[in-house]
Amino acid sequence: MKKHTPHHDGAQRLPSDPALQVMALESLLVEKGLVEQEALDALVDTYERRVGPRNGAKVVAKAWSDPAYKARLLDDCTAAIAELGFGGLQGEHMIAVENTPTVHNLVVCTLCSCYPYPILGLPPVWYKSPAYRSRAVIDPRGVLREFGLELSAHTQICVWDSTAELRYLVLPQRPAATEAMGEEQLASLVTRDAMIGVALVAVPQAGGA
Ligand code: FE
């Protein structure tokens, strides 16, 4: 068994709506003098704009474009994302898992919601849901079908259970007809869901991208 440190949200006395919870917590913290409004603003800005799935998309696009980088990413993901300036809290021990024509990777945290914040930002609500956390392991093919992803019966599905110590990045397959694309354009195709493994990266529409 992997070691795991569950997270505690301590939200029992807060309102049930997440937005209200955040506002209530924020005003309480500021009122008690525990945090400065500026520090909170900087934190929110970090997760909204500087940390997010665009970071992961850059990593994927570089791996698609540069075979040596891809090799380094699969060998030592933490070091490879640091090359692009990404890392820090909850991204200290990263593992990249590569999708191939025969293997599809899916990431979950069965105990709570461990997630690679520095490259994917904040986890989506469904990632934290008890239904996803339990069913991704028991019936990954069925879960993927509900996300609209029907995999061939010949495709093997590997489910990776994140822990407080280990976070996973799915390296999706590069779609066909993207040979002429540069890294920036490729990155624009890569979605958060593809890097969690609940979606594929779609072939760009003709005339689009
Ligand atoms: Fe967790």
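**View 1. A salt bridge joins Asp66 and Lys62.** The closest N and O atoms of this pair are 3.7 Å apart. A salt bridge here is a side-chain nitrogen of Lys or Arg within 4 Å of a carboxyl oxygen of Asp or Glu. Lys62 is buried, at 18% relative accessible area. Asp66 is partly exposed, at 23%. Buried means under 20% relative accessible area, exposed means over 50%, and partly exposed lies in between (1.4 Å probe, protein chains only). The model is predicted: local features need pLDDT of at least 70, side-chain atom pairs count only at pLDDT 80 or more, and totals for chains, interfaces and linings use all residues. Residues are numbered from 1 along each chain as its sequence is written, and side-chain values use heavy atoms, with hydrogens and water left out.

**View 2. Glu146 and Arg135 form a salt bridge.** Their closest N and O atoms lie 3.0 Å apart. Glu146 belongs to helix α9 (residues 140–146) and Arg135 to helix α8 (residues 130–138), so the pair ties together parts that are 11 residues apart in sequence. Helices are DSSP runs (H or I, at least four residues), numbered from the N terminus. Glu146 is exposed, at 59% relative accessibility. Arg135 is partly exposed, at 30%.

**View 3. The side chains of Arg145 and Glu150 meet in a salt bridge.** The N to O distance is 3.0 Å. Glu150 is exposed, with a relative accessible area of 54%. Arg145 is partly exposed, at 44%. The structure holds 7 salt bridges.

Methods:
Helix = DSSP H or I, 4+ residues; strand = E, 2+ residues; numbered from the N terminus.
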